[in-house]
Amino acid sequence: MIRSLLIPRRLVMLAIALAIVALVAIYGRWDWLANPKYQALIVRGIGNTLILLVLTMAIGMALAIPLGLAQAVGPWWLAMPARAFCSVIRGTPLLLQLFLLYYGIGSLFPGIPGLRESWAWPILRDAWYYAILGLSLSVAGYEGEVMRGAFKAVPHGQLEAARAMGMPRLTIFRRIWLPQALQRVLPTLGGETVLQLKATPLVAMITVVDIYAVASRVRSETLITYEPLMLLAVVYMAITGVIVLIFRWFEGRVPQRVA
Amino acid sequence: MSGALLASTLDLLALNPPGWGATLLWGLWHSVLIAAGAFALGLGIGILGAYGKLYGGPVTKDLLAIYTTVVRAVPELILILILYFAVTDAANQLLVALGREKMQISGVVAGVLVLGVVQGAYATEVLRGAILAVPSGQIEAARAMGMSPFLLARRVTLPLMLALALPGLANLWLIATKDTALLAVVGFAELTQATRQAASTTKAFFTFYAAAGVLYLGVSILSSVLFAWAERRARRGQRPVSG
């Protein structure tokens, strides 16, 4: 890794890159970073982005497993709705889905009598829950399709052997089918997690305060165009790097035989 | 009650001015136009990028690796903002340097440029994989026949890789149509922005967002059918893959 950077041309490119970074750091306007108000906002924004990412990936995967199973081996009355759900989620922009959930469905609630006085009202007005719901459904739609392929790709012999051992169906699913399917999707899942990270800034459009929303606020308050965007790009690239490393570690732990 | 609701919904979506149907369709047309332009530009960048990554010199390879890695690691929304301001800024500074007036770059052109650069990074990877999957014997045979590199690409590599690249390209096209929605953030009058206008003017949020969803879904279903047909056509005369 380090040695591959020490080739002369790469050293030259590295020097150019460092020079560009230095120029941006010196001539760019970074004084807003010293403002404690913005520092607190940035920390909160990054925290919210990470919470959104982890929570929606977890909820989405939990939904994707039954969706994939229904499409792979379910009866038609389960497979059809599951397939329709995946097509709708995958066929429309996430931004529109978020608008539909937050503004569309959110605008129907005030028409229901008695709801405004109930305990559920603060939750129904909070964009945060709509963001979690929208992003989770999006993960479920995309990963449902991935899990369908993974469930189908587990060799029949494995399931037949488990059945011959007299395992009940639920145990087969828990011990043989699901682990092997998950192992197959692990490399795909890393890429999908990066895609999900890149989808999270859309929640700023429905007033959730993630790191993107913080940068937008800095831009509109200080009238600085580029620097907050550059900070954003660096933050997202850093998180992407961490995701890639985590999944590489995960994949290294799963024993694999290459035929 | 439900009859009246249906009638008022149809009134809202009517094509003639009190209804907003025409605005939505106009937005859809802009979305498809931008997506098609960006896809074409991305394909052009992708072909050059794939050839550069496979056959280029070491510096070209490194630069292309940086391009594809950075573009794929940063959210499209942020790339669109950065590129949008950078492109308009650069164009205006060029115009000022040439002694002309500053101008407003048209939304469609900026959208195509910005999304095209994003699509180019993904297309580079898709096409690189497809070119690698072309049997090397075919390319070596063509080279042995004395074909020039350009003729070889046109007659052998590109037609053979098309069938392999089409599923990936279909995905990219669907991403392009959906990414046009992000241009609403910089205020382009594409489908999502038109929908947002219609919804906030009439307060019929649910109706309009659902209608736009149906339009996007229609585009994506139609494109899937067309790409399946194109793939069958590109595979003419090839042995079907077993399994």
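## Salt bridges

The side chains of B:Lys53 and B:Glu125 form a salt bridge, with N and O 2.5 Å apart; the term means a side-chain nitrogen of Lys or Arg within 4 Å of a carboxyl oxygen of Asp or Glu. B:Lys53 is in helix H2 (residues 21–55) of chain B and B:Glu125 in helix H5 (residues 107–133) of chain B, so the pair ties together parts 72 residues apart in sequence. Helices here are DSSP runs of H or I with at least four residues, numbered from the N terminus. B:Lys53 counts as buried at 17% relative accessibility. Buried means under 20% relative accessible area, exposed over 50%, and partly exposed in between (1.4 Å probe, protein chains only).

This is a predicted model, in which local features need pLDDT of at least 70, side-chain atom pairs count only at pLDDT 80 or more, and totals for chains, interfaces and linings use all residues. Residues are numbered from 1 along each chain as its sequence is written, chains are lettered from A and ligands numbered from 1 in the order in which they are written, and side-chain values use heavy atoms, with hydrogens and water left out.

Over all chains, the count comes to 10 salt bridges. One of them joins B:Asp62 to A:Arg9, with the closest N and O atoms 2.6 Å apart. This pair crosses between chains, from helix H3 of chain B to helix H1 (residues 8–27) of chain A. B:Asp62 is buried at 10% relative accessibility, whereas A:Arg9 is partly exposed at 25%. Salt bridges with shared partners join A:Arg9, A:Arg10 and B:Asp62 into one network.

A salt bridge also links A:Glu145 and A:Arg148 (3.3 Å, N to O). The two residues are separated by about one helical turn because they are three residues apart in helix H6 (residues 127–153) of chain A. A:Glu145 is partly exposed at 22% relative accessible area, and A:Arg148 is partly exposed at 26%.

## Aromatic pairs

Rings of Phe, Tyr and Trp (its six-membered ring) pair if their centres lie within 6.5 Å; planes under 30 degrees apart count as stacked, over 60 as edge-to-face and the rest as tilted. The count by this rule is 14 aromatic pairs over all chains. The rings of A:Trp30 and A:Trp32 have centres 5.9 Å apart and planes at 35°, so this pair is tilted. A:Trp30 is partly exposed at 22% relative accessibility, while A:Trp32 is buried at 4%.

The rings of A:Tyr102 and A:Tyr103 have centres 4.9 Å apart and planes at 65°, so this pair is edge-to-face. A:Tyr102 is buried at 12% relative accessibility, and A:Tyr103 is partly exposed at 27%.

## Nonpolar patch

A:Met237, B:Val59, B:Leu63, B:Ile66 and B:Val70 make a nonpolar surface patch of about 380 Å². Patch residues have over 30% relative accessible area and no salt bridge, and nonpolar side chains (Val, Leu, Ile, Met, Phe, Trp, Tyr) are joined within 5 Å. Helix H3 (residues 58–73) of chain B gives the most, with four residues. A:Met237 lies in helix H10 (residues 227–253) of chain A and is partly exposed at 31% relative accessibility.

## Kinked helix

A kink of about 50° lies at A:Leu186, shortly before the proline A:Pro187. The bend at a residue is the angle between axes fitted to the seven residues ending there and the seven starting there.

Terms used. Patches are made of residues with over 30% relative accessible area and no salt bridge: like charges are joined within 9 Å, nonpolar side chains (Val, Leu, Ile, Met, Phe, Trp, Tyr) within 5 Å. Accessible areas come from the Shrake-Rupley method with a 1.4 Å probe; for residues, only the protein chains shown count as cover.
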